[in-house]
Amino acid sequence: QRTWGTIQKFQYLIAGSIDADLVQLERLRSGEVQDFRMEKRYQRKDGGIVWAELAVSQLRLGDGSLYYLAVVQDISERKRMEQALRGSEQRLLGILNHMPLGVNLVQGESIVFRNDSHVQICGYGADEAPDVASWWRLVMPDAAQRQQALSAWQAACTAACGKAEGAGNAIAPLECVITAKGGERRTVELSGMMLDDGYIVTMVDLSQRLQAEQEAHFLANNDPLTGLPNRRLLLDRLQQALAISARHQACGALLMLDLDNFKQINETLGHDMGDRLLQAVAERLRGCVPEDDTLARHGGDEFVVVLKGLGATPQEAAARAEEAAQKMLLAMRQPFVLDGSEPRHSTLSVGIAIFQGQRESADELLKRCDIAMYQAKAAGRDALRFFDPQMQAQMAERVALEADMRAGLDSGQFELFYQPKMVRGHISGAEALVRWRHPAKGFIPPSEFIPLAEQSGLILRLGSWVLRTACERLALWSADPVLGQLTVAVNVSPREFHEASFVPQVLEALASTGAEPRRLRLELTESLLLQDVEDTIAKMVQLRGYGVGFSLDDFGTGYSSLAYLKRLPLHELKIDQSFVRDVLTDPNDAAIARTIVALGTSLGLQVTAEGVETEAQRQFLERSGCHAWQGYLLSRPVPGLAFEDLVLARSGTAAAAVV
């Protein structure tokens with residue numbers, strides 16, 4: 001009893017109250033328990049607070065007397081260490097909670113911790129998936145799939161536990177597909193590490209990485225604008241088609257498709273509209289190409305189609321390839337409506353090469369198609385052409401001729417000839433015609449090098465040289481009373497005229513040479529009027545304001561609109577020589593010639609006939625009201641000095657050519 005009282009007194013002195021301690025003491029005194037242990041904070045005599053562990057137990061001596069043994073141990077340091085550890089644990093959990101990968105802690109079958117990323121990936125929190133079994137059931141509703149994944153995961157965990165000192169061993173990664181709470185399927189990678197009392201699991205969402213890999217693969221093999229295979233994937237598909245063709249002894253075809261006049265649309269309407277047109281073209285062509293074949297964007301405004309299994313013979317393959325190409329041409333002739341704007345028209349030029357997969361290479365087939373495609377363009381566009389060996393030879397000649405032309409422009413191989421123009425019996429001027437005197441081949445006909453200059457872009461450089469040379473000749477003539485009255489007509493290609501720098505280029509040539517603008521005539525063709533009529537009229541009006549005159553060449557062979565014709569500031573209409581040639585034998589040509597004369601006269605324009613070769617032709621034209629003409633009847637085109645001699649001789653002047 002004295003011992004019991006001492007314990008109570010001790011409890012009171014160090015704790016200030018007995019609270020729950022008294023309950024334990026009563027249980028000890030009643031014999032309900034033999035001992036007890038507890039931890040509490042106590043206040044020392046000096047007012048300081050300590051943590052102590054109180055252990056009380058019964059002690060019965062040999063004489064039967066009963067004592068209570070109380071042991072008090074200061075555990076303040078241990079408590080401080082535990083609090084520090086608990087703080088570290090909280091900080092660790094905070095770090096885990098902010099990690100970008102999913103993390104959960106598993107003890108037994110319970111998930112005791114899961115971070116925010118884990119919940120975001122799968123969508124299920126502690127209230128819906130408190131344990132491992134429920135989590136697997138929710139993310140893998142399919143029982144067979146779930147059992148397969150669970151077996152693989154349990155095998156990985158067992159393998160990690162089987163290693164020496166299982167805690168700390170890594171669990172091998174497992175890639176599987178889960179169904180998130182919203183129904184979205186995601187590819188995840190599960191891995192982890194064994195702990196003393198469970199394991200930690202990490203979960204990485206691979207969906208974004210796989211999507212990025214798929215996008216990278218798509219961009220590496222597809223055109224980003226149209227989504228079609230690009231050149232890289234095209235070559236791979238074409239090589240496969242060649243291998244299949246050789247293995248099965250079947251023919252196929254390669255088609256090169258080039259949009260006609262796309263450059264004009266792109267430059268006049270803007271690149272955004274050009275991109276929309278390419279997308280619309282790609283979509284329309286998709287409907288013409290079977291799914292088993294390949295439609296690719298080769299670059300720019302070129303598309304390529306690979307057709308497989310077209311037959312056992314080249315003839316059969318050619319027939320089926322032509323049928324497919326005609327379907328594409330027909331589809332492209334329908335107008336395109338882009339973003340509600342007015343309908344736009346675009347056609348295709350198609351080159352076709354047949355293959356059997358035996359000796360052809362992919363690059364060689366593409367070259368053949370390219371050659372055939374340019375043949376289609378030369379035929380007037382909106383057409384198709386097949387490759388043949390003669391095309392290859394012609395293309396090689398074309399490449400060599402283009403190189404010679406560049407060298408010729410650098411070395412001064414080109415010169416101007418002048419064809420006189422007669423008006424009521426006297427020479428009023430001349431048409432300047434460019435000639436190429438090749439050092440090895442002699443004179444090369446303009447019919448060979450002018451189209452090449454147009455296709456290669458050299459027409460801009462050549463046209464600039466012709467314009468300046470003609471202006472220099474006009475300036476030279478201005479000192480002579482007879483030659484100074486002449487005009488010189490210079491032919492201008494549509495490509496030259498539609499350059500933004502054309503008007504400044506003409507004015508600069510006149511200013512730098514000192515030529516009179518009113519002595520210069522620019523000859524335009526009807527095809528030029530098909531491109532941006534308003535821009536054409538604006539440039540003509542601007543130059544006409546400086547005195548430059550304009551002639552409409554080859555009138556009657558194109559598609560001139562009379563509505564536009566009366567708005568153009570023209571000086572002259574020229575009757576094409578194709579009408580003049582048979583004007584005496586073909587009533588239709590005679591009627592056309594008379595109509596053009598009447599039309600030009602009614603518009604107040606001078607009408608000039610080209611290609612007059614006989615006196616009878618000249619007399620017919622004069623009777624029809626046409627008093628201006630040029631042609632072999634008077635003279636072929638001649639060099640500048642010879643032309644000057646001709647003019648002075650016909651004028652009765654004995655003076656020599658101007659120096």
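Q: What classes of residue make up the lining of the second largest cavity?
A: This is a predicted model, and in it that lining has six nonpolar, three polar and two charged residues.

Q: Okay, and which residues line the second largest cavity?
A: The lining is made of L474, A475, W477, S478, L483, G484, L486, G514, A515, E516 and R519.

Q: What's the volume of the second largest cavity?
A: About 60 Å³.

Q: And the largest cavity, what volume does that have?
A: That one comes to about 150 Å³. Of the 14 residues lining the largest cavity, N104, W135, W136, W153 and V201 are the closest to its centre.

Q: Which elements give two or more residues to the lining of the largest cavity?
A: Those are β4 (102-107), α5 (132-139) and β8 (198-205). β8 gives the most, with four residues.

Q: How do the residues of that lining, in the largest cavity, divide up?
A: Ten are nonpolar, four are polar and no residue there is charged.

Q: How many cavities of 30 Å³ or more are there?
A: The count is four.

Q: Switching topic. You mentioned β4 and β8, so what's the order of the strands in their sheet?
A: The sheet is open and has five strands, in the order β5-β4-β8-β7-β6, with antiparallel pairing.

Q: Which strands stand at the edges?
A: β5 (110-114) and β6 (170-179) do. Each has a single partner strand, so one side of each is left without a neighbour in the sheet.

Q: By how many degrees are neighbouring strands of this sheet turned against each other?
A: On average by 25°, ignoring direction.

Q: How many bridges do β4 and β8 pair over?
A: They pair over five bridges, in the antiparallel sense.

Q: Which residues make the contact?
A: From α9 they are F262, I265, N266 and L269, and from α10 they are H271, M273, G274, L277 and L278. By class, the contact of α9 with α10 has six nonpolar, three polar and no charged residues.

Q: What about the sheet with β10 in it, what order do its strands have?
A: The order is β10-β11-β9-β12-β13, in an open sheet of five strands with mixed pairing. β10 and β13 (383-386) are the edge strands, each pairing on one side only. From one strand to the next, the twist averages 25°.

Q: How do β10 and β11 pair?
A: β10 (residues 294-299) and β11 (residues 302-311) pair in the antiparallel sense over five bridges. In β11, V305 is the bridge partner of L295, and E302 is the bridge partner of G299.

Q: Which residue in the hairpin of β10 and β11 takes a positive phi?
A: G300 does, near 55°, and this hairpin has two residues between the strands.

Q: Last one: which strands does α11 lie across?
A: α11 (residues 314-332) lies across β9 (251-259), β11, β12 (348-355) and β13, and runs at about 160° to β12.

How values were computed
Residues are numbered from 1 along each chain as its sequence is written. This is a predicted model: local features need pLDDT of at least 70, side-chain atom pairs count only at pLDDT 80 or more; totals for chains, interfaces and linings use all residues. Side-chain values use heavy atoms; hydrogens and water are left out. On a 1 Å grid over the protein atoms alone, a cavity is a set of points where a 1.4 Å probe fits but cannot get out, and a pocket is an open set with protein on both sides within 12 Å along at least five of seven lines; lining residues have an atom within 4 Å of a point. Grid points are joined across faces, edges and corners, and a volume is the space filled by probe spheres set on the points. Ala, Val, Leu, Ile, Met, Phe, Trp, Tyr, Cys and Pro count as nonpolar, Asp, Glu, Lys and Arg as charged, and the others, Gly among them, as polar. Two strands pair if DSSP finds at least two bridges between them. Axes are lines fitted to C-alpha atoms, for helices over the stretch in contact, and angles run from 0 to 180 degrees between N-to-C directions. Contact means heavy atoms within 4.5 Å.
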